[in-house]
Amino acid sequence: MTAKPPTTTTRRVTAQGAPIEATTGPGARWVLPVRMGRRLLVGLLLVAALLPLVPLLVWSLAGQWRYPALLPQQLSLRGMQLLVDPRSDTLRGLGTSAGIAAAVAVLACLIGFPAGRAIGLYRFRGRRVVQFLLLAPVIVPGLAVTLGIQVFFVRYHLSDTVVGVILVQLMPTVPYAAVILGAAFANLDIDYERQARSLGAGPLRVQLFVTVPLLRQAIAVAALMTFLISWSEYVLTLLVGGGQVKTLPLLLFAAIGSSDTTAAAALAMLVIVPPLLLVLAAARLLSGRSAGAVGFGRL
Amino acid sequence: MTGAAITLAGVRKSFGDTPAVRDLTTDIPAGSFTALLGPSGCGKSTTLAMIAGLLHPDTGDIRFDGRSQLGVPAEHRPAGLVFQKPLLFPHLNVEQNVAFGLRMRRLDRSQTRERVAAILDRVQLTALARRRVGELSGGQEQRVALARALVLEPRALLLDEPFSQLDATLRAEMRRLVKDLHTESGVTTVFVTHDQTEAVEVADTIALLLDGHLAGQGDPEMFYAAPPSLAAARFFGVTNELPGTVRDGQFTAAATGLRRPTTLPDGPAVLVIRPETISLTSPSGDDDTMVGVAVAARFAGTHLAVDVQLTGGFLVTVYTPVTTSVRLGAPLAIDLPQAAGVVLAADRSLVSG
């Protein structure tokens, strides 16, 4: 066992930080196969997650690609140029999408915070009803609701505006924020807030200086979730934005509709990659470890 | 700044249909170290939370130096609160935790730094000022919590069983620290505990809370020498109770015929005798002795607890020095001076409740 490669050696660390070689007990001979199996599984999952991106990447670089050719007959940078061309809608769409998603994430968390507090912290009469009402927008198809309330957006001159799109996207996002934060509040020791009160913090500053920092991980998750929902939202944006508010999914659907596969593939990459990077960065930030370890390491 | 005199006047508090505090009236003297003592569920923590302003009484008034605090929110009351759990804010380090209250008061930076450094020095945590709170031991955590409350120079320091989660040695050390801090600052200290030994050791005044109301208040000696009620006597560990009746200022024990003068009105009463105030002796026929047989002896570290079966069938526990040799079954007598034992009205706790 002394010649074991370092990757399969279970390492423990003493309080002083010096590693101790693992004792070689009866379970030690299982460490190697278990670790290899785990790595294989992680690898397979990563491949499964990333494989669909490969044809997209190929398509986005294809100039001409006809059946039955296995690879594009002609490569072209047209798709990539489309993404960075200042005259195209793409860059503006990226900005619109990011702006709307960020605004939606912030607003959804701002609304979800007190809502989550109420359902997570307090036992009151009708709590289940409130909980259900909060979740209702996720259960009831958003399309049906939006068709119903669209008339109000028109009446208040909110249709075809970015503000209107932000507002309508709160519908599918606030429930998630409320549920995520509600779970966090349910696990919060409320005595922290009482302690802060007795140290001279008023109700608002208790939230700001104690509760928000205590719940920062849950808030980050809620913001991330709502950002992603907004980022990929299509139907509500189309209905209320009326085609005037051009987010990336709208541009993508337009490209698909016009059978421009190269443009569609390039746009699809643009829709997929930023959230992927965001999730990886967030996972890293939340745990202080590499994203791979967070997502797959504990399998 | 000196400590505030705290007055509770007719305070009541219920949670739903469950009363936690029923008609509590008490004065906590300025600068005193008062233990709010009682079994769990007696309303002592609720009382402390009301003094701190975290709960509001249903009726009654809470005053600091005569000024009602009912309209004053917790964050503006001059009271520092330390809980059973340290509740250190995990996103702040030791220094920042201690500075929290000063930051909330918008004290300027240099003054904040000065005061934080001074109090950390006092509780011997200067070396750990930059530590993350997750890296502290239980005793260190409670010292930070104490410093965090005291740095605000409160006029009342409210402690809610702050050391009950520490081991015995550490607890004794923390008691000494709190006691010293109290002496140095003169801050009125209210200490909630369920442990009467702790209350006796640390406090100069004890307010005994039983079942949501005050069952006696006084210095620790009083609860031993002249307990205010049978329930109070029981809480302080009296095991010997001789039931009897009072007639015309004279108590007569039912089982033994033992008599004691009393000022109690006629009716059922109990003579309570602390096991450490009586001693074993040989039978002599003296008026102050009662004869019986030793039936059990238990070693209790500092003393020997001997159960004596009196003639008449009554069982009395006596604490004697561990060096005493006791032969079980042998006849002996209990020396019972007139001063030992107090006559208390029977079931007074039920009557007044």
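Which residues point one way from S7(B), and which the other way? Ala156(B), Leu158(B) and Asp160(B) point one way, whereas Leu157(B) and Leu159(B) point the other way, and all are buried. A residue counts as buried if 20 or more other C-beta atoms lie within 10 Å of its own, as exposed if 12 or fewer do, and as partly exposed in between, with C-beta atoms placed from the backbone.

The model is predicted, and local features need pLDDT of at least 70, side-chain atom pairs count only at pLDDT 80 or more, while totals for chains, interfaces and linings use all residues. Residues are numbered from 1 along each chain as its sequence is written, and chains are lettered from A and ligands numbered from 1 in the order in which they are written.

Two strands pair if DSSP finds at least two bridges between them. Strands of a sheet pair through backbone hydrogen bonds, either parallel or antiparallel. S7(B) has a parallel partner in strand S6(B), residues 79-82, to which 4 bridges join it; here Val82(B) stands opposite Leu159(B). With strand S8(B), residues 188-193, S7(B) pairs in the parallel sense over 5 bridges, and Asp160(B) stands opposite Val192(B) of S8(B). Between S7(B) and S8(B) the chain crosses through helix H5(B), residues 168-185, in a right-handed β-α-β crossover. Right-handed here describes a path from the first strand over the helix to the second that runs clockwise when the strands point away from the viewer.

Chain B also holds open sheets with antiparallel pairing, one of them with 4 strands in the order S2-S1-S4-S5. Strands S2(B) (18-28) and S5(B) (67-68) stand at the edges, each with a single partner strand, so one side of each is left without a neighbour in the sheet.

Helix H1(B), residues 44-52, is mostly covered, as 9 of its 9 residues are buried. Among them are Lys44(B), Leu48(B) and Ile51(B). Gly53(B) follows H1(B) and has a positive phi, near 95 degrees.

Chain A has 14 helices and 4 strands, and buried residues make up 31% of its 299 residues. Two residues are in contact if their C-beta atoms, placed from the backbone, lie within 7 Å. Among contacts in chain A between residues at least 6 apart in sequence, 66% join residues at least 24 apart.

Helix H10(A), residues 216-231, packs against helix H7(A), residues 162-186, at an angle of about 160 degrees, with their axes 9 Å apart. Axes are lines fitted to C-alpha atoms, for helices over the stretch in contact, and angles run from 0 to 180 degrees between N-to-C directions. H7(A) and H10(A) are therefore roughly antiparallel to each other. Angles under 35 degrees count as roughly parallel, over 145 as roughly antiparallel, 65 to 115 as roughly perpendicular and the rest as oblique. Residues making this contact include Tyr176(A) of H7(A) and Met225(A) of H10(A). The axes of H10(A) and helix H4(A), residues 90-121, come within 8 Å and cross at roughly 135 degrees, which makes H4(A) oblique to H10(A). Among the residues in that contact are Cys109(A) of H4(A) and Phe227(A) of H10(A).

Where the chains meet, 13 residues of chain A are in contact with 18 residues of chain B. On the side of chain A that touches chain B, helices H8(A) (191-198) and H9(A) (203-214) are the elements that give two or more residues. H8(A) provides the largest share of that side, 6 residues.
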